Amino acid sequence: MCGIIGYIGMDQAAPILLSGLEKLEYRGYDSAGIAVHNETGIQIVKATGRLKVLYNLTQGGASILGNAGIGHTRWGTHGESTDVNAHPHFNKDTSIAVVHNGIIENYIKLKKQLEAHGYKFLSQTDTEVIVQMLDYYYNGYPLETITKIMHFIEGSYALGIIFKNHPGEIYAVCKDSSLIVGQGSRGNFIASDVPAILKYTREICYLDNEDIVRLTDSGLTFYHNEEELKKAFVTVRMDLNAAEKGSYAHFMLKEMQEQPKAIADTMNPRLRDGSIVIKELGISDNKIRQIQKIYIVACGSAYHTGVTAKYIFEGLAQIPLEVDLASEFRYRNPILDRNTLVIVVSQSGETADSLAALRKAKANGGRVLGIVNVVESSIAREADNVMYTWAGPEIAVATTKAYSAQLIALYLLALKFSQVRGFLDAEKIACMVSNLQRLPEQISLLLSHKKDIQKIAHRYLKAEHIFFIGRGIDYGIALEGSLKLKEITYVHSEAYAAGELKHGTISLIENGRLVVAVLTQPFLYSKTISNIVEVKSRGAFVMAVTNVGNTEVEKVADYVIYIPETNLYFVNSLAVIPLQLFGYYLSIGKGLDVDKPRNLAKSVTVE
Ligand code: F6R
């Protein structure tokens, strides 16, 4: 969740490090720091707060001279956001500096051992044990020293390390935390993510677990257990401007507007003459017929796509489907075999719990399909097969377009499975595909009504609690609407299966409380309407999201948002749009930083 960058080459390092950190700030933004080799040794500057504080402190990097350095933007795991806890961390005489992403799980034990040897710790972080251990074992040979300490540290880490006595070198290593190496014409790089160095190079190498790399201004040497090894580079094709905000006020607004394109790009390459072709699935039709159970395992919004997909797979393909949170799945003992398909859904492809769940699924004998947005990310590389969502880079912490693209990928899979298993004939599939193809234009239409949603959001700027209710697929939509709202507005919110509210939570409904009710499934309309009446009679203000034509709802709800007509299995893609807009406008109406909400980070690479 922290961002790491390193550069060594012909140019001044500090401005390059800062520009890389700017692209990585979505991974964490409570403090930032850089360490640069120069004539005085290693110069370290760190600052609490957003990157701009560090930027101003160093005059955009101009005040720090030197051609090699490492940088970090932090999402704290151990210790609050302070200058001392900010990275890089360093040893007593500032001869070694380290930046770290991940968690050192046995840091308390290691810290005690080092303290017994007289080491004093300045920070509350787990990272500081790494630099103190490097200091303790340092014998003049960085590679040997790094390899040695790797035997003692437990947990996940991506590290960038510089040694004062080796001014022409940067070292980096990773375990269960991704790190890339870039080879440019004017120098070499390490980074947590491709956009950080895309301005300088497209030649990228992905480090594997426990690989170490030594960077100089003219070369890269890779090692594993101190043995030199050759690594392959790939040329990445990512669009440099795709990760820019352009004329939009916020990334979140831009990404919401990009949803029609994200879903068209995810869907179109997989549609052929009204049927579904998913080449990368890697599962024969025969195998699809043999699948007895599907698990969808994910976190946060990606998990919510699974909640919706459960209804669709069970309804269309009649396969039992269990949805689980990756953080739970990884620590239980799921019963899997080769006829169990485990679908791991992830935008970043780096979420620590989802990656661990993937490994658990494989270890327990399941077959894993990744639905992933970031190409060549860890989940994409480790899954048996990967189906990419082509949403492009998503920068705002709150996901919108990646979530929408994940839904589309799951619809396509469900249709494919249904067709192969003989539940839908070609004519029915073609009709559903034509519904899918209309979604981009229908989403654009919903987005064009954003001012109406802004008006309602402004009425609720002072709300302290907002509830979301829905049944079936609508419950999945409610979960996502509620998460979107709470993460960017800091308003307490809960999503409830509408029928469950009366089993306790309805006690929280009182005069003026906003309840957002989602009703898109005609066979459940009357049930959810009863639940609306229940909250209305306790004083709630009800905003309903329903299908065009369902005017009955106007009799019970205070405000109704209509979504265009589509197949009932695909309504989530439409109903979620006003809910995303509602969260967005409430957040900016409150003057919050909608793209970088407090306490969060985009890529959750720690447990
Ligand atoms: C919410 C949000 C998160 C992510 C979750 C999983 O807006 O973005 O809940 O959905 O952290 O992340 P990925 O999809 O990268 O595995």
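Predicted model: local features only at pLDDT ≥ 70, side-chain atom pairs only at ≥ 80, totals over all residues.
Q: In which sense do strand S1 and strand S4 pair, and over how many bridges?

A: Strands of a sheet pair through backbone hydrogen bonds, either parallel or antiparallel. Here strand S1 (residues 3-9) and strand S4 (residues 68-74) pair in the antiparallel sense over 6 bridges; two strands pair if DSSP finds at least two bridges between them. Strands (E, at least two residues) and helices (H or I, at least four) are DSSP runs, numbered from the N terminus.

A: Residues are numbered from 1 along each chain as its sequence is written, and side-chain values use heavy atoms, with hydrogens and water left out.

Q: What is the strand order of the open sheet of 8 strands?

A: The order is S3-S2-S4-S1-S10-S9-S11-S15, with antiparallel pairing. Strand S3 (41-48) and strand S15 (234-235) are the edges, each with a single partner strand, so one side of each has no neighbour in the sheet.

Q: Which strands pair with S2, and over how many bridges?

A: S2 pairs in the antiparallel sense with S3 over 8 bridges and with S4 over 7 bridges.

Q: How many residues of S2 are buried?

A: Buried means under 20% relative accessible area, exposed over 50%, and partly exposed in between (1.4 Å probe, protein chains only). In S2, 7 of the 8 residues are buried, so this strand is largely enclosed by the rest of the structure.

Q: At what angle do the axes of helix H7 and helix H14 cross?

A: Two packed helices are described by the angle between their axes and the distance between the axes. The axes of H7 (residues 259-267) and H14 (residues 426-448) come within 8 Å and cross at roughly 170°. Axes are lines fitted to C-alpha atoms, for helices over the stretch in contact, with angles from 0 to 180 degrees between N-to-C directions. H7 and H14 are therefore roughly antiparallel to each other (under 35 degrees is roughly parallel, over 145 roughly antiparallel, 65 to 115 roughly perpendicular, the rest oblique).
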